[in-house]
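Q: Could we go through how burial, disulfides and strand pairing are read from a set of coordinates?

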Amino acid sequence: MNGLFFTLFASLVVVLQVSASPLHFHLHQRGASVEGNATSTESEATCATFGYTGINGPLGWAGLSPDNALCSTGTSQSPINFNAQIKKASANPTVWMPDGFGDFENLGTTVEVSQVGKTTFEGKVYNLQQFHFHTPSEHRIEDETFPLEVHFVHAADDGAGLVLGAVFDITPTGATTEFVHTLGQEVEKIPKAGDKTQVHGLKLGKIVEAFQTGPLFTYSGSLTTPPCSEGITWVFAQNPLPIDVKSYLAFKNVIKFNARFTQNNSGEKNLIDIAATQIGPQFKATQVSEAI
């Protein structure tokens, strides 16, 4: 039965790949298709067509739209596992994220805050569009996963994309980061897709400090949601930030689960492509030879 299931899955992936077409990267402004924000508009959020369960989940994203081709064929996909093979940033970015307030919105696939800010990295200036969360973490550090991950999504004037990422870990002492503690108190107000509230008193100092002074990974990857556009510069904090149990549970109870599976390192073949073109046919051939 397991062999039959795998063969059927591999065949399905082939169909999904054939139905998709190549895609050029373009990072849209708030209100269009961007990581964590598939179909929302300026006035309201609508439930995205993709998800994290069944055929609408990551294994089926390429079949949901021709625009999602890279989800199953791209060779620089995110998230990845950070280890000794991944480059460390040679210099920290300059990050400006003012404290203040913003609209906190449930998009169905994540919760997001629209936010102004700027990041300068390797001589290029990127404008902050929004930040959103994933639970559990999408990226791993030395194979370890974490309770929560945040993505600060940026776009340069020429359309190039940059994401600042960090993970949060639960501490035995109850220590926390004020940024997630504040949002944890508000996230329960937006339990359903389309719900929105305004948060005040956001303190981003510790977040800025993590990127401006802490050790960082960097690599060229993709959006972790459809259309899985590549050419994204990732700058990721090596050290997890603290989160208290109550805040984590508040995020998890609303977001549920929205993590894409770990991808191959940049330049390596897409895992779905490998399953469709190599593992699946080999497995089927083995079944046939054994039957004979």
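Q: In this predicted model, is C228 buried or exposed?

A: A residue counts as buried when its relative accessible area is under 20%. C228 is buried, because its relative accessible area is 0%.

Q: Which cysteine does a disulfide join to C228?

A: The criterion is a pair of cysteine sulfur atoms within 2.5 Å. C71 and C228 are joined in this way, with an S to S distance of 2.1 Å, and the count by this rule is one disulfide. The link is right-handed, with 95° about the S-S bond. It connects distant parts of the chain, 157 residues apart: C71 belongs to helix α2 (residues 70-73), and C228 to the loop between β11 (216-222) and β12 (230-237). C71 is likewise buried, since its relative accessible area is 1%.

Q: How many residues of strand β6 are buried?

A: The same cut-off of under 20% applies to each residue. In β6 (residues 124-134), nine of the 11 residues are buried, leaving the strand mostly covered.

Q: Which strands pair with β6?

A: Pairing requires at least two bridges between two strands. Strand β4 (residues 111-114) pairs with β6 in the antiparallel sense over three bridges, with E112 opposite H132. Strand β5 (residues 118-121) is also antiparallel to β6, over four bridges, and T120 has V125 as its bridge partner.

Q: What lies between β5 and β6?

A: The two strands form a hairpin with two residues between them, and E122 in the turn has a positive phi of about 50°.

Conventions: Residues are numbered from 1 along each chain as its sequence is written. This is a predicted model: local features need pLDDT of at least 70, side-chain atom pairs count only at pLDDT 80 or more; totals for chains, interfaces and linings use all residues. Side-chain values use heavy atoms; hydrogens and water are left out. Buried means under 20% relative accessible area, exposed over 50%, partly exposed in between (1.4 Å probe, protein chains only).
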